Amino acid sequence: MNLRKPVTVKSLVRNLWEGTPPDKARDLLYSAVTRLRRGPLSGAGEGVSLRNISGAYVLDTDPQNVDYHRFRTLRSQARALTEARETVGAIGVYREMARLRRGEPLAGLSGAWAIGTRRNLEEELLLSTVDRINLEIRQDVGADLLTELDELIKRFPFNEKLVELRMLALYRSGRPTDALAAYRQAHQRLARGVGIQPSPALREVHERILRGDPALLPEPGPRVHRGRNNLVHDTAAFTGRTAELDQILRRQARKDAVTVIAIDGMPGVGKTALAVHLAHRLTEEYPDGLLYLDLHSHDARQERMDPVTALGRLLRDLGVTSVRDGLDPVPHGLDERATMWRTYLAHRKVLIVLDDAAGHEQVRHLLPGVPGCLVLVTSRRRLVGLDNAQPLSLDVLSPEEAVTLFGRVLRRRRVTPEEEDDVATVVRLCGYLPLAIQMVASRLDHRAAWTVADLADRLEKAGRLLGEIRAGDREITAAFELSFLDLAPDQQRAFRRLGLHPGVELTARSVAALLGYEAAGAERFLEELMDHHLIAEPRRGRYRFHDLIREYARLLAEEEPEDEREATIERVLDYYLFTADAADRLLYPYRLRGPIEVPSAVSVEPAVRTAPEARDWLAVELQNLLLAAHYADAHGSRRHAALLARVLGRYLELWGPWAEGARLHERAVMMWRDIGDQRALAYALADLSVLQRCSGHYDKALRSADEALEIQRAAGDKRAVADLLDQKGLVHGYRWEFDVAFGYHEQALDLRRESGDRYGEVDTLNYMAKVHYNRGDYPKAARDLETALELCREAGDRGRQRMALNNIAKLETRRGEYRSALRLYEEAMSVDPVMGPQNEASWLNNVAEVYRHLDRYVDALDHYRKALEAYREIGDPQSEAEVLNNIGNCLVCMGKDGEALIHYQSALHIAIEISSRGEESEALRNIGTVHHRANRSDSALDYFEKALHRARGIGDVYREARALDEMGATLARTGEAARGSAYWKRALDLYEHLGVPEADALRRRLARRDGVAGS
């Protein structure tokens, strides 16, 4: 709206958040600007830029590229044409202005600025509509114009200009009595609603109509030609579909062929609403007629219309009921009627809406024979047999559009800002399906005592969703039932059983297992459901129900006999367990696991044969697998749930989600404990301990590991015991208890070497190296890592090789060998580029550290922020605190101390919460540094003292040296040179012992100080 003018960040924040911005308002704003640049603006072509100039943003483009400025230009043109008495041209321009409206202005924004601006824009839109209607009623008055005025008055009941235009329109169409009735209605509305009388202008129009003033009749002159028009009215609540409308407008009325747009989609998705809305928009472009015909293919109250009857209706709608224009009366035969229809349409521009078609055979004879006309066909099926038709498949609305539609359907109330979250819940529960949203909104509108929260509560109650989506005598299930009845009997039976599938996505293999089909038969069945829009295929080979249709299928599944339901569920659970076990063995062949017995009834070929296929399958099926395990546990198949937890253990550790994985393992622990299987219980406890440790629940992790360790020691399983000893060592390491951690790892290493477990030995060496690193013993860390790397290379284990390279690179970073570290990180990535989210985040964080030391701050921040997002997504608080500290360090290097302090404080809060004393020490020292740079020496020393105490408490020599170094610098600044020198010398001793580059820097500072003192 402020094109080519700078808009400051401050004003944007103020307007968007009304003076109470969130803590990271600027970060949110920067993210939004980045999305704009990468999204809408990236595809806007040349000459469009969004620049940042001196703390302000400037949008630079041709004003005609912005709908708001285009609207104002067209308004000036329309007014000029009106003044020149070019009425027809002015009406055309006003209609072009109306097409620029794309939903509610500034949708989704709240606050005084947004509300005020939205109100101003709505007023401009309304004024232009009033100007256009004022011109149209001078030319001609049609039913669609009166319908439009009725809809506008419903939206703006106290706008007297709209009432005046409606009175004039009725009077000029020969309905003076209705015009006077419109005045009486407005009079009552004004008196009851706002307590005022009609304005003098409205009273004057009323008096002139009473007198029969001839000056109110249409002006003589050229009339806007209108052909036959039986379109049903356009809904005032029509929302969204901007992309679909633009797509059809680009395709319409080709000169070289008949234009047929076949709009298909699931029941209730808004096919008819889109076709009718578009037809009304194109009224001026098809002067010879606008025809609507309901073919009743899914109407329980009427017979499906055959092509002969349809052609008769269309011809009569065009006025061909007797000899006319040289044509014979309507004949009886199909071919004769089709010939007459096409002859009549030749050289005419007619728009035809054929609504609710059953298939291509029903509409093929209804199509024009020559170019010039536009045919919009709606169908629940894909009309693949309709030659030359251009398909357009409709999906549900976006969440934002769904919320807008809900608000527009309401007539008796408005959605308050406090209800916005509840509205979002309601439309989500409706699956963003327009018909469902309209039904529940209409129902709410007629329940004065209900709130939106009441409606959401009713929809959320289990088992009541479909029953609650109704309005009057209409229910959503009726729309689904007619599509279901179109299926063949065997397909109906299969559809009912499909309602038992526990996942959210279907594949041919999982459906084949569930139904007991061959894979080819399952594919054919899914294709048939696709054609009926009972399922969708969002990704190739992966199908899913709309939420409401899934609920409908589940209701139908209850009609199946209980034994058949149980057999169906058993087959699909066996399939998921069988395939997940195969994938686990391919990806992690050296993992300890118990036997998995799957009935031979699983006849489907395995979906995975190689490790990459296994990884891809687990990635796309993980949600289904977790849902299958949950379903199994809740429906009496607890063994399936516990076995699924076991086969997914390693994958969940590396890829997450950890919280959901931990719940899965907890249920497995309960199941194995109940049935008394001690070995299986130990494996489940070990898997649970790993995810508890990853999530920062260290006490719980130790308890789970201790119980499992006792069982495995009693069983004499050395390898399992070594795994659990390493697990305990890792937990103590995360708690910064390095001596205890090292003791457990030493025990594990002895067992691994004793049992010849080379792969486990590599893991333990990496863990021991990490302890050496944290204790400042870098030579021992390097020794263990080199040994581990050599073992990995001998075994060809690329994943463990990447881990060893990554750890060696981290050691090189600490030693100040930054370019060497970067080469090692790049080598680690090339050795095994497919990493789980935690490993990838660790790699990003480590590379960012190198970039920071190389003064590549922008690259560093980009990597840090990606790592932070990943850590938060998987729920790794320890690593989150680490990367927050690192981001703060980078911001300090860039001179952004205020932003850095926010990150340090967040890191400190997390570290204290999870008892991460190392990151707590780091955050305390970093906060002290910010105070030091701001000359707040007392505060700086206080934080450094706390950081020093934490570092010494955990035996972290490097962090101890850093705290001493910073304290020396602060004391030197305050004039306490002797004390500062003492701290520096103690720090230097530790730096030299560690062999880190900070020693050289500190020696230079001491030399400069001694030189100054000596002079």
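## The largest cavity

Helices α32 (718-734), α33 (738-755) and α34 (758-775) each contribute at least two residues to the lining of the largest cavity. Helices (H or I, at least four residues) and strands (E, at least two) are DSSP runs, numbered from the N terminus. A cavity is a set of points, on a 1 Å grid over the protein atoms alone, where a 1.4 Å probe fits but cannot get out, and its lining residues have an atom within 4 Å of a point. Grid points are joined across faces, edges and corners, and a volume is the space filled by probe spheres set on the points.

The lining of the largest cavity consists of Gly-729, Leu-730, Gly-733, Tyr-734, Phe-738, His-745, Tyr-767, Lys-770, Val-771 and Asn-774. By type, 5 of these residues are nonpolar, 4 polar and 1 charged. Here Ala, Val, Leu, Ile, Met, Phe, Trp, Tyr, Cys and Pro count as nonpolar, Asp, Glu, Lys and Arg as charged, and the others, Gly among them, as polar. The space in this cavity is about 70 Å³, and the protein has 3 cavities of 30 Å³ or more.

## Model and overall layout

This is a predicted model, in which local features need pLDDT of at least 70 and side-chain atom pairs count only at pLDDT 80 or more, while totals for chains, interfaces and linings use all residues. Residues are numbered from 1 along each chain as its sequence is written, and side-chain values use heavy atoms, with hydrogens and water left out.

The protein has 46 helices and 13 strands. Its C-alpha trace spans about 110 × 80 × 55 Å along the principal axes. Of the 1015 residues, 53% are buried; buried means under 20% relative accessible area, exposed over 50%, and partly exposed in between (1.4 Å probe, protein chains only). Among contacts with a separation of 6 or more, 64% join residues 24 or more positions apart, a contact being heavy atoms within 4.5 Å.

## Arg-752 in helix α33

Helix α33, one of those that line the largest cavity, also holds Arg-752. Arg-752 has a relative accessible area of 2% and is therefore buried. A polar atom of its side chain lies 3.5 Å from the backbone oxygen of Ala-722. This is a polar contact: a pair of N or O atoms within 3.5 Å where, within protein, one must be able to donate a hydrogen and the other to accept it, and residues adjacent in sequence count only if both atoms are side-chain atoms.

Neighbours within four places in sequence aside, Arg-752 is in contact with Arg-719, Ala-722, Asp-723, Asp-726, Asp-757, Gly-760, Glu-761 and Thr-764.

Val-426 sits in helix α16 (residues 420-429). Val-426 is buried because its relative accessible area is 0%. Apart from neighbours within four places in sequence, its contacts are Phe-406, Val-440, Val-452, Leu-455, Ala-456 and Leu-459.

Asn-806 belongs to helix α36 (residues 798-814). With 12% relative accessibility, Asn-806 also counts as buried. Residues up to four places away in sequence not counted, Asn-806 touches Tyr-825, Ala-828, Ser-842, Trp-843 and Asn-846.

Helix α41 (residues 897-914) has 18 residues, and its first and last C-alpha atoms are 26 Å apart, close to the expected 26 Å. The expected span is 1.5 Å times one less than the number of residues. The buried residues of α41 are Asp-897, Ala-900, Leu-901, His-903, Tyr-904, Ala-907, Leu-908, Ile-910, Ala-911 and Ile-914. Their cover includes α31 (698-715), α40 (877-893) and α42 (917-933). Ser-915 follows the helix and has a positive phi near 60°.

Helix α44 (residues 957-973) has 17 residues that should span 24 Å at 1.5 Å a residue, and its end C-alpha atoms, 25 Å apart, agree with this. In α44, 14 of the 17 residues are buried. Asp-956 caps the N-terminal end, with a side-chain oxygen 3.3 Å from the backbone nitrogen of Tyr-958. Just after α44, Gly-975 has a positive phi of about 95°.

## Backbone features in loops

The peptide bond from Gly-656 to Pro-657 is cis, with omega near 0°. Pro-657 is in the loop between α28 (649-655) and α29 (658-675).

Arg-241, in the loop between β4 (228-229) and α10 (242-251), is not a glycine but has a positive phi, near 65°. Arg-241 is buried, at a relative accessible area of 5%. His-533 lies in the loop between α23 (519-531) and β12 (536-539). His-533 has a positive phi of about 60°, although not a glycine, and is buried at a relative accessible area of 8%.

Definitions and conventions
On a 1 Å grid over the protein atoms alone, a cavity is a set of points where a 1.4 Å probe fits but cannot get out, and a pocket is an open set with protein on both sides within 12 Å along at least five of seven lines; lining residues have an atom within 4 Å of a point.
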